[in-house]
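Hi,

Here is the structure I promised to send over. Have a look at it first, and then read on for what turned up.

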Amino acid sequence: MTSPESGPAAGAGGRGSLLVRGGHVITMDPAAGDIPGGDVLVSDGTIAAVGTGLAVPPGTRVLEATGMIVAPGLVDTHWHLWNTLLRGMSESGPGYFRLCRGLGPAFGPGDIYQGTLLACAEAISSGVTTVHDWCHNIRGPEYAEAGLRALAQAGVRARFSYGYPAAHRGDQAMDLAGLRRLHAEWDGRAAPGLLSLGLAWRGPGGSDPAMRVPAAIYRREIGTARELGIPVTVHACGPRSAAGQIGVLASAGLLGPDLQVVHANWATEAEIGQLAAAGGPVTISPWSEILVGYGLPRTAELLAAGIPVGLSVDTTALTGNADMFAIMKLTQGLANAAAEDEFALTARRTLALATIDGARSLGLADLTGSLTPGKRADLIVVSAPDPNLGMVTDPAQLLVTAAQPGNVDTVIADGRVLKEGGVLTALDAARIGRDARRALDGVIARSWSAPR
Ligand SMILES: [Zn+2]
């Protein structure tokens, strides 16, 4: 059932001292602001100092960033990495949800690994240093292990939200014993500081009656996560026909700062108020929401209510790519269009959603999301001299409206250089692509031979 795995091309290397020197540094830390001609000193994976004219400690590697933009690594807050193998298939087939339910059961652990690794390669290449892996095709313990192995190998920061198998029956509980086992062993795993554990929860189920989950089951599932002290994430309020799910969660007394709500496109004013009162974060994924027909994100209303909001890829099976720059641009554009106001959502505020606010919404703001001394070193260097940028004017507006993944020159995650000079340093993208294709061929072959 398993597919061959792609090993790292050269290894991501260690976490020595690094000085990123002379760039326009957007710290996203209100106390520090922007620092033109600034330096970021990284020591053993931690941001040691941010400022101008920093001394170079002995043995420190210097990365010149003069004329470039230095910013926190971008933060994704909800992404089904495993189904990256299904990219480009939803429209010619049965649609995204039936595609996942149809082919998901034919995935082996090795296919989860290949899809996750392909997604990680794109994340790193695009400047995304934190992902929230919403893994909703765990068909046995080895599936979770496969996803975690890919994340650890790639070197990204991730919350791994442990989910149910694709096409799981609503009246059956997910594998809570597997979740408990993973939680008990968590601290002994590789990369414990980079990876954290959560629960990808079905909640009461979605718009499809066949997928409804009885209250006794969904309460046991979230109860287990809360007993373990791990955060929970749930899709709610996707299509208009499924509106009202946030109200159901509120009535059941289940909303809270540890329960991230995904989409919320059709949240009523009352539901937005309930989310705000409970301190519940929301993640919006405007590209998938408009392409699948969910409607428009409620960005302005959510922010006005003081709800922590993060931006997300959701799934490249729908969105095609994981371009967080395009996600930011769309988020700003849709908010301004809805308000009929050029200044309703500024580029700077939008950039915050993709960095510090996203980290805050995942409970990771003490580790990442801004270039603040003491935080882990997750940062990107964007090449301003590229033709679609040209020079540094307002750097936040450039990142939101002009930049593209191809402009990301250097990516550092947890102090390790994962992309440099526009090239991935630890992953072999060509090999990962070939292995992903082979894995998908196996998935399709097995789905044909499966009993119907
Ligand atoms: Zn989703």
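Helices are DSSP runs (H or I, at least four residues), numbered from the N terminus. This is a predicted model, so local features need pLDDT of at least 70 and side-chain atom pairs count only at pLDDT 80 or more, while totals for chains, interfaces and linings use all residues. Residues are numbered from 1 along each chain as its sequence is written, and side-chain values use heavy atoms, with hydrogens and water left out.

Let's start with α2 and α15. On the α2 side, Asp 111, Gln 114, Leu 117, Leu 118 and Ala 121 touch Ile 432, Asp 435, Ala 436, Ala 439, Val 443 and Arg 446 of α15. Sorted by class, that contact has seven nonpolar, one polar and three charged residues (Ala, Val, Leu, Ile, Met, Phe, Trp, Tyr, Cys and Pro count as nonpolar, Asp, Glu, Lys and Arg as charged, and the others, Gly among them, as polar). Helix α15 covers residues 429-449, and its axis comes within 9 Å of the α2 axis, crossing at roughly 145 degrees. Axes here are lines fitted to C-alpha atoms, for helices over the stretch in contact, and angles run from 0 to 180 degrees between N-to-C directions.

Then there is α3. Helix α2 (residues 109-125) packs on α3 (residues 141-154) at an angle of about 25 degrees, with the axes 8 Å apart. That makes the two roughly parallel, a label for angles under 35 degrees. By class, 11 nonpolar, three polar and two charged residues make up this contact. Among the α2 residues that meet α3 are Ile 112, Tyr 113 and Cys 120.

Which residues does Cys 120 touch, leaving aside its neighbours within four places in sequence? They are Leu 81, Ala 150, Leu 151, Ala 154 and Val 156. Cys 120 lies in α2 and is buried, at 1% relative accessible area (buried means under 20%, exposed over 50%, partly exposed in between, with a 1.4 Å probe and protein chains only). Cys 135 is buried too, at 0%.

Cheers

Conventions. Parallel < 35°, antiparallel > 145°, perpendicular 65-115°, else oblique. Contact = heavy atoms within 4.5 Å.
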